[in-house]
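Open the model in your viewer and keep the selection panel at hand. Each stop gives you something to select, then says what is there.

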Amino acid sequence: MVIAGLGPTGLVLAHILGKRGHQVLVLEREPVFYGNARAVYTDDECMRIFQSIDMAEELQKDMLLDTPVQLVRPDGTVIAQYKPLKRPFGWSVVNFYYQPYLETSLTNALAKYANVQILRGRELINFSQDADSVTVIHQATQVYRFSDETDVKTEVQGDNDVQQVTARYLVGADGGRSTVRAKLGIEMSGKNFPEPWLVVDLKQKDRNKGLRHLPYFNFVVDPDLPVVSCVQPDGFHRFEFMLKKGQTKEYMEQSETVRMLLSKFVNPDDFEVKRKLVYTFNALVANQWRDKRVFLAGDAAHMTPQFMGQGASSGIRDAANLGWKLSAVLNGQAGEKLLYSYESERHDHAKAMIQGSVLLKDLVSMTNPLIGKIRDGVIKG
């Protein structure tokens with residue numbers, strides 16, 4: 001079994017298959033851990049999935065639990081608050097995490113499985129399949145990124161060291177720019193959103209200064225400047241600012257601009273800027289999630305706007321759904337037909353999460369003051 005990609009989706013899938021005793025090879029194109037936060041939230045259903053791989057309690061040590069989620073005005077007054085009190089699945093409904101901690105814990109825990117091998121700095125470049133197997137060709141990663149506040153630095157390797165391996169199945173959990181999906185020629189349907197946002201990831205210099213007045217996840221519904229203020233554990237925090245028309249990526253990523261925007265909420269001198277990046281987001285679903293012995297999962301299969309925190313969570317659900325089915329087929333406990341249910345069961349749920357995220361995006365990023373007042377009245381009523 002080969003998995004391309006060592007993000008949350010690939011990690012959970014490797015755990016599921018490793019725990020069941022299958023031989024698993026994971027190819028990860030980044031030679032070292034990337035180290036920047038992208039996803040920040042997971043829910044109680046995903047905590048149940050982590051529980052199934054004996055990781056929930058370990059991961060929850062580095063999470064903020066039951067954090068209220070609010071819609072607030074620019075002056076901080078609360079329009080609406082969601083405070084999760086019940087735990088119908090036995091775990092907190094709202095869990096904020098720092099992705100490097102989560103991925104590091106999941107990766108380190110794979111060491112207990114002698115049947116799981118991780119090859120870092122190896123990129124899948126091609127594959128072929130027949131009725132019984134998939135042959136995967138991989139090489140030393142030629143161009144890769146490394147952790148940097150603007151997310152753009154790359155280095156080029158020398159010798160490419162091409163190798164191949166044969167497996168029963170291949171899962172492409174290799175992200176939104178999936179090589180596996182591209183090699184299969186599978187298109188994605190949906191929408192690319194033109195509105196750019198600036199994301200700024202921070203780390204407190206002194207744990208006693210800077211964030212005590214921001215204990216919530218806030219959507220700041222300011223018609224002049226919609227903002228997302230996201231708590232994270234261990235003194236990390238994220239702000240996202242929606243760009244106005246005419247504001248360029250270069251202007252927004254300037255240190256002076258970042259400082260000016262942050263100063264509306266915190267003292268910038270109390271923080272180290274870990275990352276500042278202008279991005280746009282997508283609401284896309286792959287037109288096909290399987291081609292014979294090759295599957296897509298996570299962002300390779302669907303790309304979700306960040307507003308509901310369901311991008312990584314949807315990938316974790318993919319892994320849970322696909323993992324036990326692959327195991328049953330590999331063990332001879334079920335026939336190949338079982339694998340057809342993966343896409344039919346996951347597609348509509350992933351699409352619903354995307355639609356919900358787009359709806360929330362529209363709700364919190366209104367720039368028309370009159371429509372914003374109507375929204376506030378409806379929500380408060």
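Select α8 and helix α9 (residues 341-364). Their axes come within 10 Å and cross at roughly 170° (axes are lines fitted to C-alpha atoms over the stretch in contact, and angles run from 0 to 180 degrees between N-to-C directions). That makes α8 roughly antiparallel to α9, the term for angles over 145 degrees. Helices here are DSSP runs of H or I with at least four residues, strands are runs of E with at least two, and both are numbered from the N terminus.

Now show the side chains between them. On α8, pick S314, R317, D318, N321, L322 and K325. On α9, pick S341, Y342, E345, R346, H349 and M353. These make the contact (heavy atoms within 4.5 Å). By class, it has 3 nonpolar, 4 polar and 5 charged residues.

A note on the model: it is predicted, local features need pLDDT of at least 70, side-chain atom pairs count only at pLDDT 80 or more, and totals for chains, interfaces and linings use all residues. Residues are numbered from 1 along each chain as its sequence is written, and side-chain values use heavy atoms, with hydrogens and water left out.

Next, the core. Select F50, F127, L170, V180, F219 and L326: of the 94 residues in the largest nonpolar core, these touch the most other members. Such a core is a set of buried Ala, Val, Leu, Ile, Met, Phe, Trp, Tyr and Cys residues joined through side-chain atoms within 4.5 Å; buried means under 20% relative accessible area with a 1.4 Å probe, protein chains only. Helix α8 (residues 311-330) gives the most to this core, with 7 residues.

Centre on F219. Among its contacts beyond four places in sequence are V69, L71, V227, F307 and L360. Then move to L211, F241, L243 and F271, which belong to a second, separate core of 19 residues.

Strand β5 (residues 69-72) runs antiparallel to β6, joined by 4 bridges, and V69 stands opposite Y82. Both strands belong to an open, mixed sheet of 7 strands, ordered β6-β5-β17-β18-β19-β16-β20. Its edges are β6 (78-82) and β20 (271-279).

Last stop: strand β21 (residues 282-286), where 5 of 5 residues are buried. N282, L284 and A286 point one way, A283 and V285 the other. β21 pairs antiparallel with β15 (residues 188-192) over 5 bridges (pairing needs at least two DSSP bridges). Find S189 opposite V285. β21 also pairs antiparallel with β24 (residues 302-303) over 2 bridges; there, L284 partners M303.

Methods:
Buried < 20%, exposed > 50% of the residue type's maximum accessible area, 1.4 Å probe, protein only. Parallel < 35°, antiparallel > 145°, perpendicular 65-115°, else oblique. Nonpolar A, V, L, I, M, F, W, Y, C, P; charged D, E, K, R; others polar.
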